[in-house]
Structures are given as C-alpha cells and as structure tokens.
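Work through the exercises below with the sequence and the 3D structure at hand. Each task is followed by a solution in steps.

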Amino acid sequence: MSVPVPAQPIAPALVPGQAHGNATSHSGEDVLRVETKLRVLTFQEPVRDPSPLGSSDSGDDSSSSHSRHPVVEEDHSHEETFRDLVESFAGLFRHCRTPLRHLVKDCSLEVTLHEQLVREYQWVDEREPFIPTGQLQRLVCEREVIEELLRIHSKPGHHRTSFRHLHHIRPYRTIRGVARVICHGRSGSSQGPLCKIFAVLLLIGYPAAIVDFISEGLCDADLPLSRDTDTVSGRSCLYRRTTATTSGTKVKFSENWELHEVVLFAERQWRVLAPIFSSDEEDYGHFPNPAILPFTALKYIKAGGHAEIYSGKIHPQHHDFPAQMFAVKKIQADGVDHEQFQNEVRMLKRVSNDNHIVELFGTYQHREAHYLILPLAKYDLGEYWQNYVGDLGTDTAVLKWMAQQCEGLAGGLSQVHHHFTTSMSSLFRRKTAKPARRRTVPAKPPDHHLKKHQFHGVHGDIKPSNILWFPDPQGRGTLKITDFGTGEFNDTESTARPSNSVPFTPPYRPPERALDSDDEIDISWTYDVWMLGCLYLEFGTWYVGGYAMLDAFSQSRKRPGQIDRGGAPFFELRADGQAVVKPAVEQHFDTLRDAVQAPAVGFFKDFLNMIQTQMLVVRPHPTAGNPAQPGRSSCKNICNSLSEIIGEHGYRDYEESD
C-alpha cells in the first residue's frame with residue numbers, strides 16, 4: 001500500500017512533537033543534499049555526486065561508499081537554484097517539525113535504506129517496495145546505528161535527544177549501549193532487537209523516536225503494529241497485535257504523535273516485513289492485506305477454469321526453494337473456488353513426492369484470494385509438441401524418452417488412485433532438496449503394527465495442457481502432472497458427484513460421461529485411464545508424424561460440418577445409444593502401425609496394443625462372466641506393462657543423440 005509524498009514531509013532526524021525553526025543560508029553542498037533528500041522523499045533516484053570520486057558508470061559496488069558521502073566543491077552559482085527550490089517547496093515544508101537546515105544534514109543510513117528498497121512489480125499492476133531481509137541485516141549494524149544516534153544527539157538548533165532517561169536499563173545510558181539494544185536486544189530481558197523498527201523510523205524520518213520504543217519494551221517481534229482510534233481521546237494510535245495469549249494494547253507514546261506520523265509508521269513498517277518462504281513450511285497462512293510479498297518481476301501468463309497463473313521470481317533472500325523461477329496460481333477465496341483450492345492442496349500434499357507430479361512449494365492467502373507456489377515449467381505437453389525442433393520418427397533417444405515418461409505418468413497417477421497412509425488425517429510433506437543427514441545411531445525398526453488406511457483419488461482432467469515439461473540439463477526433460485483442483489480423495493473407489501462439477505474437456509472425456517444422464521455421476525480412476533489413453537495415442541502420433549499429424553488426427557475425429565469446440569472426442573454414440581470407439585480412431589491405430597519406421601516398429605506394436613486393449617476401452621469395468629469385456633486396466637497395471645515393454649526393447653536407459 002504505497003502512499004504518495006505526504007503533505008507534511010518528514011525530516012531525517014525528527015522527534016515527534018518537536019518545534020520547528022527557520023532556514024538560513026546554504027552552500028552548494030546543501031543544495032545537492034536538499035535535492036537528494038527531496039528525490040528520496042518522492043521515491044526518485046538519489047542525486048549522484050558529479051565528481052569523479054562519487055560517480056561510476058561501471059556499476060561496481062565499491063563506489064557505493066562514495067555515493068553516500070559525496071564530495072562537492074563550494075559553488076555559489078547554486079544559490080539561485082536553492083532559492084527557487086525553497087520557493088517551489090515552501091508549502092511542502094510549511095508544517096515541517098524541524099528547521100530546514102537540518103534537512104540537509106548527512107543521513108547516510110536513511111538514504112541508503114531508501115536506495116535498497118526493491119521496487120520491482122510486487123503484483124501485476126501494483127508497485128510496493130520492500131527492503132530485502134539480508135540487506136536490512138547488513139545495513140542496520142551496530143556501527144551504522146551508532147553513527148545515526150550520534151547525528152541525532154548532536155544536531156544543533158533544537159533540543160538534544162537525550163538517552164539518559166534510559167538509565168533504568170543499565171548499562172544503556174550511552175549511545176553505544178542504545179545501539180546494542182537496537183541491534184541485539186536487552187540482555188536479561190525478553191526485549192529483542194529493534195533493527196526493523198529503527199529502519200522504519202529512518203524511512204519515515206523519525207529515528208530519534210527509537211528511545212520511546214525501547215522505553216515501552218517494544219521490539220521487532222511486536223511488528224506489525226496496528227492503527228486504531230483510542231476510544232477515550234479519539235486520537236489515532238498504534239496498538240500491539242492481539243494474540244492467543246494477549247489482547248492488543250495501546251502503544252502509549254503514540255498518543256503524542258500526529259495523525260500523519262501514526263499513518264506513516266503503520267504503512268511503511270510493511271517495507272521491512274516481507275515474509276520469508278521456507279521449505280520447512282508449506283502453509284504460510286493468511287497475510288494481512290497491507291503485507292508486501294517478496295515477488296519480483298511477476299507477470300500474468302494465462303487463466304484457466306477458476307484460476308489465474310503468473311510467473312515470477314521470489315527475492316533470493318526470501319526463500320530457500322531449489323528453483324529460480326516460480327509459477328503462482330491464484331484462486332479466488334469464495335464458493336466453489338475455495339473448495340477447488342482445498343482439493344488441490346490436499347491432493348498435492350499427499351502425492352507431490354512423486355517425480356512425475358508437480359511439486360508444491362507452499363500456499364498462502366492474501367487479499368481475498370488463495371495462492372499456490374509451484375515450480376515454473378517451460379511448456380505444457382501440447383506446447384512442447386508444437387515447439388519441438390528435431391528429428392522424429394527415427395530418433396531412438398526421443399522414443400526412449402517418450403516411453404519412460406509415459407511409464408512415469410502412469411506411475412504417478414497410480415499413486416493418486418491408491419494412496420496409503422498410516423493416519424486418516426496425515427498430509428505427507430513434500431520432498432526437499434536438502435541432503436539427508438547420516439545417521440549416527442541405528443535406525444528404529446518400523447512399527448508394523450501401525451494400521452494403514454487406503455485413499456482412492458481421482459485427478460479428473462488429464463490432458464496435454466495439464467502435463468508440464470520441465471527442462472533437465474542431464475536429459476530431455478521431465479513431464480509432471482499438474483492442476484489437481486478438480487480431483488479429490490475418498491475412502492471408496494468411486495464417488496458420486498454433481499454432473500456439473502465434473503471436468504468437461506471434450507476431446508478427452510470418457511464415454512460414461514456422455515452416457516450418464518443423472519444429476520449425479522460416479523467418478524473413479526477409470527476416468528483418468530481413458531484420458532491417459534487418449535494422451536498416449538496423441539503422444540505416439542506426435543512421434544511418428546509431428547505436430548502436423550496430430551492436427552490431422554484431430555480433424556479426422558470430427559463429423560462433417562462439426563464446429564470445433566475444443567476438439568472432438570475419441571468415441572461416439574450409435575443410434576441405439578451405445579458408445580463405441582470412433583472408426584477414425586480405430587483407423588488411426590492402423591495408420592500409425594503402417595507409418596512407424598525402424599527401429600521403433602517393435603515398441604510401437606506393443607505400445608499401441610496396450611492403449612487399444614487396456615485403456616481406450618468403452619466399458620470402464622469388466623463384465624462378470626465375459627472375458628471378452630475385461631474393462632480398463634488400472635494405472636498400476638499400465639505402468640507394469642510399460643515397464644515390461646521398455647525392458648523387452650532395451651529402452652530402460654537412453655542417451656542423448658548427437
């Protein structure tokens with residue numbers, strides 16, 4: 001929540017409630033520093049020292065110390081510029097609580113903190129700066145704090161800020177002692193460091209008020225402070241947070257602050273409170289609306305269903321995930337969308353330890369929406385097919401990769417369909433990239449008496465756009481299943497769901513979706529098997545004839561004159577109401593068998609037979625007493641069949657082709 005330059009500006013060494021004075025004559029150095037301060041207050045780039053010592057076009061960090069302490073020769077030609085500047089900003093400084101000459105005092109730490117604000121786009125159309133936690137720890141150190149306290153204490157022209165009234169917290173009578181409290185907290189007390197509080201006071205121009213925070217026993221752990229109206233005085237004051245054990249109490253000294261001072265602190269404190277995302281946590285809870293999240297360069301990618309997808313970076317000092325770029329999925333926090341979010345989180349937490357299911361880094365709520373943090377893929381499978389550049393049809397390395405990825409996808413779905421846990425409420429934590437520690441004592445034998453519970457899950461929307469391709473420096477990449485928003489776990493193999501809540505992706509929907517006319521339909525793992533069979537057949541089509549053959553296959557499934565509404569399904573309903581695999585699909589199997597070239601002939605014969613006899617089967621379940629109608633195979637059996645086919649044809653391990 002960024003606020004424009006206040007009508008009542010803040011001086012760099014201001015004690016709330018202090019009287020103001022008059023401006024006197026100024027040198028050229030004063031002009032430069034006034035302009036620097038004005039640019040800082042208006043969030044512009046600070047004025048750089050024009051001298052060779054203070055400027056650098058190389059971007060080397062070694063010049064930063066010179067830019068903070070510019071050396072400027074006396075130049076009285078700036079006097080006219082200074083007078084114009086004062087006249088232009090006379091209204092701006094009318095209510096300033098400190099003499100104008102104090103505005104030009106060197107406040108290096110304050111200026112540096114402003115320069116360290118990260119002003120990347122925090123969210124698409126919002127721009128909220130924050131100070132990265134590592135930069136804050138580096139800048140607000142004891143040496144820098146002492147310099148600032150000395151500057152405050154020695155300012156001429158107004159009452160000196162006295163630290164002597166802190167004598168009751170010995171040995172903190174000295175400025176060095178106060179600096180220790182700010183940086184390290186009070187020894188022998190529960191009061192922790194006040195580095196963030198001091199940084200906020202510097203950002204709003206009230207660094208001397210740090211003594212009030214110390215006296216009242218506040219520390220960084222008490223942030224954020226809330227702003228509310230005192231029921232007795234009617235004044236706007238700062239309040240501690242309400243927790244499970246304590247109620248929000250008023251910060252007493254804030255009664256003496258002006259309204260804009262309270263508002264500025266309440267708003268600018270969020271600039272030092274950007275959260276840190278850790279792999280040790282998955283649910284970060286609900287962030288308050290004013291919270292500034294540490295995302296940078298975030299941009300909109302696409303919308304699908306009830307969600308919007310964004311890509312971006314998290315500041316490297318604010319996460320420890322094994323990734324550089326992230327996908328952020330935004331789901332509105334109301335009604336069906338909330339249920340979709342909860343379903344997806346439950347599904348991913350249980351099964352995202354599988355290498356072919358997308359990893360969940362974390363979830364949070366912010367500004368009436370739910371968010372999932374996921375790794376960013378380069379393509380979905382459909383985009384990968386369309387953008388692939390290379391030989392197809394005869395490249396054995398591509399064929400081996402395709403075979404192993406199909407095996408992995410079936411294995412991942414098998415984990416979803418039949419998931420075992422020792423607790424009905426347990427949510428497995430995802431695997432992290434942290435190395436395992438070597439055990440120094442013998443491992444405790446497993447408890448075989450723990451009762452295992454089986455959950456039956458369904459994804460419900462398998463299609464190329466829900467299969468993501470992640471590049472792999474050591475190979476051709478990895479395919480992972482995503483978008484579990486419509487899936488769910490149950491303790492039975494099938495569950496009745498309202499027909500309008502079941503995903504409806506025309507090309508991949510199974511025949512039973514069209515045959516069931518009731519308000520509720522039974523959803524089971526057989527849904528996913530049909531959809532996966534459609535995807536496998538398209539995968540094989542791409543390998544044999546590329547994207548052009550894929551498009552031709554899609555067109556062949558349409559009836560004459562049919563309008564394209566997302567693609568034609570792989571089955572059709574006959575006049576007697578029975579569903580059958582489309583003749584165009586049956587014919588396509590024969591086309592692929594004829595078109596495939598050596599050395600892929602043997603593999604494709606077995607691969608296509610498996611799809612045709614175990615997956616694209618109209619009857620989802622076997623018919624009792626009729627071996628000719630065995631129904632669809634489970635993903636576990638499909639994974640085992642692929643493993644045998646891959647082993648038989650020597651495709652277990654593949655190497656990149658030259």
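**Exercise 1.** Find in which order the strands of the open sheet lie, and which strands are its edges.

Solution. Three strands make up this open sheet, in the order E9-E12-E13, with antiparallel pairing. Helices (H or I, at least four residues) and strands (E, at least two) are DSSP runs, numbered from the N terminus, and two strands pair if DSSP finds at least two bridges between them. The edges are E9 (379-380) and E13 (478-481), each of which pairs on one side only. E9 is joined to E12 (residues 467-470) by two bridges, and Asp 380 has Leu 468 in E12 as its bridge partner. Helix H14 (residues 396-417) packs on the sheet and touches E12 and E13; contact means heavy atoms within 4.5 Å. The direction of H14 makes about 25 degrees with that of E13. Axes are lines fitted to C-alpha atoms, for helices over the stretch in contact, and angles run from 0 to 180 degrees between N-to-C directions.

The model is predicted: local features need pLDDT of at least 70 and side-chain atom pairs count only at pLDDT 80 or more, while totals for chains, interfaces and linings use all residues. Residues are numbered from 1 along each chain as its sequence is written, and side-chain values use heavy atoms, leaving out hydrogens and water.

**Exercise 2.** Determine whether the end-to-end distance of helix H17 agrees with its number of residues, and which of its residues are buried or exposed.

Solution. The expected span is 1.5 Å times one less than the number of residues. For the 13 residues of H17 (residues 583-595) this should be 18 Å, and the end C-alpha atoms are 18 Å apart, which agrees. Next, Ala 584, Val 585, His 588, Phe 589 and Leu 592 are buried (under 20% relative accessible area; exposed is over 50%, partly exposed in between; 1.4 Å probe, protein chains only). The face turned away from the buried side carries exposed Pro 583, Gln 587 and Asp 594. The cover over the buried residues includes helix H16 (525-556), strand E18 (579-581) and helix H18 (601-615).

**Exercise 3.** Describe how strands E1 and E2 are connected and paired.

Solution. E1 (residues 226-229) and E2 pair in the antiparallel sense over four bridges.
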